Amino acid sequence: MLSQVYCSRFQPFRQRLLPWVQFSALSRSPADRIQASAIRHVRSWSNIPFITVPLSRAHGKSFAHRSELKHAKRIVVKLGSAVVTRGDECGLALGRLASIVEQVSVLQNQGREMMLVTSGAVAFGKQRLRHEILLSQSVRQALHSGQNQLKEMAIPVLEARACAAAGQSGLMALYEAMFTQYSICAAQILVTNLDFHDEQKRRNLNGTLHELLRMNIVPIVNTNDAVVPPAEPNSDLQGVNVISVKDNDSLAARLAVEMKTDLLIVLSDVEGLFDSPPGSDDAKLIDIFYPGDQQSVTFGTKSRVGMGGMEAKVKAALWALQGGTSVVIANGTHPKVSGHVITDIVEGKKVGTFFSEVKPAGPTVEQQGEMARSGGRMLATLEPEQRAEIIHHLADLLTDQRDEILLANKKDLEEAEGRLAAPLLKRLSLSTSKLNSLAIGLRQIAASSQDSVGRVLRRTRIAKNLELEQVTVPIGVLLVIFESRPDCLPQVAALAIASGNGLLLKGGKEATHSNRILHLLAQEALSIHGVKEAIQLVNTREEVEDLCRLDKMIDLIIPRGSSQLVRDIQKAAKGIPVMGHSEGICHMYVDSEASVDKVTRLVRDSKCEYPAACNALETLLIHRDLLRTPLFDQIIDMLRVEQVKIHAGPKFASYLTFSPSEVKSLRTEYGDLELCIEVVDSVQEAIDHIHKYGSSHTDVIITENEKTAEFFLQHVDSACVFWNASTRFSDGYRFGLGAEVGISTSRIHARGPVGLEGLLTTKWLLRGQDHVVSDFSEHGSLKYLHENLPVPQRNTN
């Protein structure tokens, strides 16, 4: 075994290493150009913050869930040959390697103990030897042929051991240059199988590694490929106590168990483990792999370079798992994720395949997505009366099972006491009156659902006996994420049932008991027509960000919660549309011709009735002519009585000698008893202010001048625009939609309160009789008619 330590900050510590550790000062000249390039790459990968996290864990049992990986203290990262080398297999992928070094450095500086098992020496040496051979051949040919053109030179086959011997020093010098950028010391350790099977050497290796980790040095371990014997069959991988070092996969597994590491990250050129060869039509990434699942996996060929294939990785990973080390196999070559793949894994994000010994009691979220898809399709084929019957039954269950629901909700409230703010506790609370209102709303949805799915919107006769129809259909599978609002569950469930959509629900943990019983009631109602699985409640430890990546299972995400939740989901969604609004900055403009009797009522209701709602008033715009009038004084007095904190806009503050605190931003959603007041000179200035600082949610004008009101209604570009009405009317139930899944400020598809209609899309049905487009060519026998046909009348009962 050979160990070389590269360090500029720890000179006094060199004597403290074990006596047989060899120090060498490598000349940097052979790798100057590569080091300089690597440094440039490292400096371009500086977007990951350095933080310190408390870490403590007793080794002995692997982590059961991904979310626990953030507690990993000691981590081994294995870099496969396909990760380290370029696509031509000759030379190193410097940019990729630089990003990996940065991530390892970030985790090391958080207080973790990082170790690298790296390939790349053969590829690096191959590059150097090819260069030397080409140079040598070109010189010889130049001497023999004078000024004649050089003949085409053939490169002989290079023996791997020779390449490894030529490449080890340069590879380590490259790692040294990269880690130095983060003030981290690295040490090289070359091992063979004998170093693990010879007890004395094994103890020496163990002691060296522990000493390096104690000194905050990153050990970089590799098989000594210059002397390693040819690979042997994997017959010894079946046992727990025996594993031979045949390649870097087995080396990483042996090292992880030997050093009692918490986590082994194996990076390769595939996303993880698939249930069939990657690239095949039916191949699906396995999120969690359990011991005993090998029979359900078909292994493909090994990677383009390196000694081990996926089967060897899985066997090594299972061996490490049995030794108490958690394992993740992931892609380290994908340009979009390689820059953060290691840190994402440690943060518990759903990356690659996680090996776990603990199988969850219920289905995975992927399985739930498939069940929702299948159940939703069956739901869409039911007759409208059958879907309405399901919703009516759910409404009846809400009142019949009232006591059980309120008991579950009481448990949630008791557990949330002292942890949630008063407004959130109010949202969490259920009551008899709330359940009765929910039941009424559900029956309204049932009544409006009679002709929702399959309704004909347009009919066209394309040609004789060729008719086209556009009909409404469900969107597919909806993911609804909601916070502290258990009453949201039956509302959204009823809308999904009415529209024939499959549904995945992710509720806040503060409403766990309430959500569980409400979901059971929804499934009980669905069971009367055999579509129980159409609605699924995600109870696993799935992070919201991971759910937002399931673009092949989810067709639309609908967040119900704080503006921060909506923004986070919009940011995290990968290829899935998000319906919602990130902010509810609602305005009310008091015109110079506003009625004294109406203004205070409308302002009080809009701001004080429920200040935490997204449709609550946040900015009050007052016409300049109303300043220092009795109407203005009444508004201010009412706000003081209601204990509303006033923030003055810049123009309003300029009119006052002693003004309230000037607003920090005119684009603020307070969500509390706080209000911004600003002065405008005209209705046009009010509209301009709304367009500049508003969120296109709900905006109101108070005036008795119909012409001014219509001008405001037509020119304000928001989802909801009102005249002499409270902003709080912006609500699906109040609009007569029965309920809503949310309020959308999007300009595509649905806008405003989104009820049943917003959960539908369309498809085209064409009925013909042996029609082909060639019949409609210039010399064809048929002509296009494109006649509009009458559409069946909609049932409004």
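Analyst: The protein exposes about 36,400 Å², and carbon and sulfur atoms supply 51% of that area. Accessible areas come from the Shrake-Rupley method with a 1.4 Å probe, and for residues only the protein chains shown count as cover. The model is predicted: local features need pLDDT of at least 70 and side-chain atom pairs count only at pLDDT 80 or more, while totals for chains, interfaces and linings use all residues. Residues are numbered from 1 along each chain as its sequence is written, and side-chain values use heavy atoms, with hydrogens and water left out.

Of the 797 residues in the protein, 53% are buried; buried means under 20% relative accessible area, exposed over 50%, and partly exposed in between (1.4 Å probe, protein chains only). There are 24 helices and 25 strands, taken as DSSP runs numbered from the N terminus (helices H or I, at least four residues; strands E, at least two). Counting contacts with a separation of 6 or more, 75% join residues 24 or more positions apart; a contact means heavy atoms within 4.5 Å.

The part for the close look is helix α20, residues 596-608. Its 13 residues reach 19 Å from first C-alpha to last, close to the 18 Å expected at 1.5 Å a residue; the expected span is 1.5 Å times one less than the number of residues. In α20 the buried residues are V599, T600, L602, V603, S606, K607 and C608. An α-helix has 3.6 residues a turn, so residues three or four places apart point the same way. The buried residues of α20 pack against strands β16 (586-590), β17 (617-623), β19 (674-680) and β20 (698-702), and against helix α21 (630-641).

Rings of Phe, Tyr and Trp (its six-membered ring) pair if their centres lie within 6.5 Å; planes under 30 degrees apart count as stacked, over 60 as edge-to-face and the rest as tilted. By this rule the count comes to six aromatic pairs. One of them, F632 with F652, is edge-to-face, at 5.9 Å centre to centre and 70° between the planes. This pair links distant parts of the chain, with F632 in α21 and F652 in helix α22 (residues 650-654), 20 residues apart. F632 counts as buried because its relative accessibility is 10%, and F652 does so because its value is 3%. F776 and Y784 form a stacked pair, at 4.4 Å centre to centre and 20° between the planes. F776 is buried at 13% relative accessible area, whereas Y784 is partly exposed at 44%.

A ring also takes part in another arrangement. The charged end of K426 sits over the ring of Y610, 5.1 Å from its centre; the rule asks for NZ of Lys or CZ of Arg within 6 Å of the ring centre and within 35 degrees of the ring normal.

T353 is buried because its relative accessible area is 0%. The T353 side chain reaches the backbone nitrogen of L273 at 2.7 Å and the backbone oxygen of I286 at 2.7 Å. Leaving out residues up to four places away in sequence, T353 touches several residues, including R66, E271, D287, F289 and V328.

Technical notes: Polar contact = N/O pair within 3.5 Å; in protein donor to acceptor, adjacent residues only side chain to side chain.
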